[in-house]
Amino acid sequence: MFDYDAELRPHTAHLRAAAAVGTRDRVLDVGCGTGQTTRAAARAATAGSALGVDISGPALATARTRSAGLSNIAFEEADAAVHAFPPARFDVCLSRFGTMFFADPAAAFTNIALALRPGARLAMLVWQAADRNEWSTVVGEALSAAPRPAAFSLADPASTGTVLRFAGFTDVVFTDVHEPVYYGPDPSAAFDAVMYLERAAGTDPDPSARRRLHEAVTAHATPAGVTFDSRAWLITAHRT
């Protein structure tokens, strides 16, 4: 699997600070992947609990393995957009880039809101526009590929704010997060990481595109590894 935890380490720190999980909080983690953010929430909520949901069975299998020993954590293979959560169950909902792929965002966030108690906190990270994210523009140019629209579906604060307020949230705030994303310790690892993502998406770049990609990741090598500039929104809100 692609190491999203390493890629998004600085972003994760912003999310954890905004979520501010308390000792008794019941936390819902939407699009939890392999569960790093869910585990952090469970460790903070020592007298509470954390539930991670995702549609990827393999990612959840890894999450369960890595979470062995934590008694207040659980994972469910479910689509948060339609899953029948217990009503008014959770005190905090968080998501690290796990909410951009809903087919009907208004319906999905309404469903999530119903799972939160009144006054519950929402903290989530979403990507800003594609042209503000070097990882999208540089890789896209190298592979002659257009940006995948779903990844940037919540990039516009005006429309996303409207969706969230319609769904039952208030005090909606967008905070700019400007951090690099990490693709590997060297160009070879970064190249392999991007190729993994492309093949997972059902594409297989031709030899000339692969050559351009290798040149692109080499140009972004630093002593700390291969990094690309990125811009995200940290969105916070409360359940009305």
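Reply: Start with R121, whose bridge partner in β10 is H238. This is a predicted model, where local features need pLDDT of at least 70, side-chain atom pairs count only at pLDDT 80 or more, and totals for chains, interfaces and linings use all residues. Numbering runs from 1 along each chain as its sequence is written, and side-chain values use heavy atoms, without hydrogens or water.

β10 covers residues 231-239. Strands are DSSP runs of E with at least two residues; helices are runs of H or I with at least four; both are numbered from the N terminus. β10 and β5 are antiparallel, with seven bridges. Two strands pair if DSSP finds at least two bridges between them. β6 also runs antiparallel to β10, joined by eight bridges. There, F174 stands opposite I235 of β10.

Now the whole sheet. It is open and mixed, with seven strands ordered β3-β2-β1-β4-β5-β10-β6. β3 (73-77) and β6 (169-178) are the edges, each pairing on one side only. Neighbouring strands are turned by 15° on average, direction ignored. β1 (26-30) and β2 (49-54) pair parallel over five bridges. L28 has L51 of β2 as its bridge partner.

Next, a helix that touches β5. Buried residues of α6 pack against β5 (116-127), and also against β7, α8, α9 and β9. Contact means heavy atoms within 4.5 Å. Seven of the ten α6 residues are buried, among them W135, V138 and L143.

How do α6 and α9 cross? The axes of α6 (134-143) and α9 (207-219) come within 7 Å, at roughly 150°. Axes are lines fitted to C-alpha atoms, for helices over the stretch in contact; angles between N-to-C directions run from 0 to 180 degrees. V138, V139, E141, A142 and L143 of α6 meet A209, R212, L213 and A216 of α9. That contact has seven nonpolar residues, two charged and no polar. Nonpolar covers Ala, Val, Leu, Ile, Met, Phe, Trp, Tyr, Cys and Pro; charged covers Asp, Glu, Lys and Arg; the others, Gly among them, are polar. After α6 comes S144, with a positive phi near 55°.

Methods:
Buried < 20%, exposed > 50% of the residue type's maximum accessible area, 1.4 Å probe, protein only.
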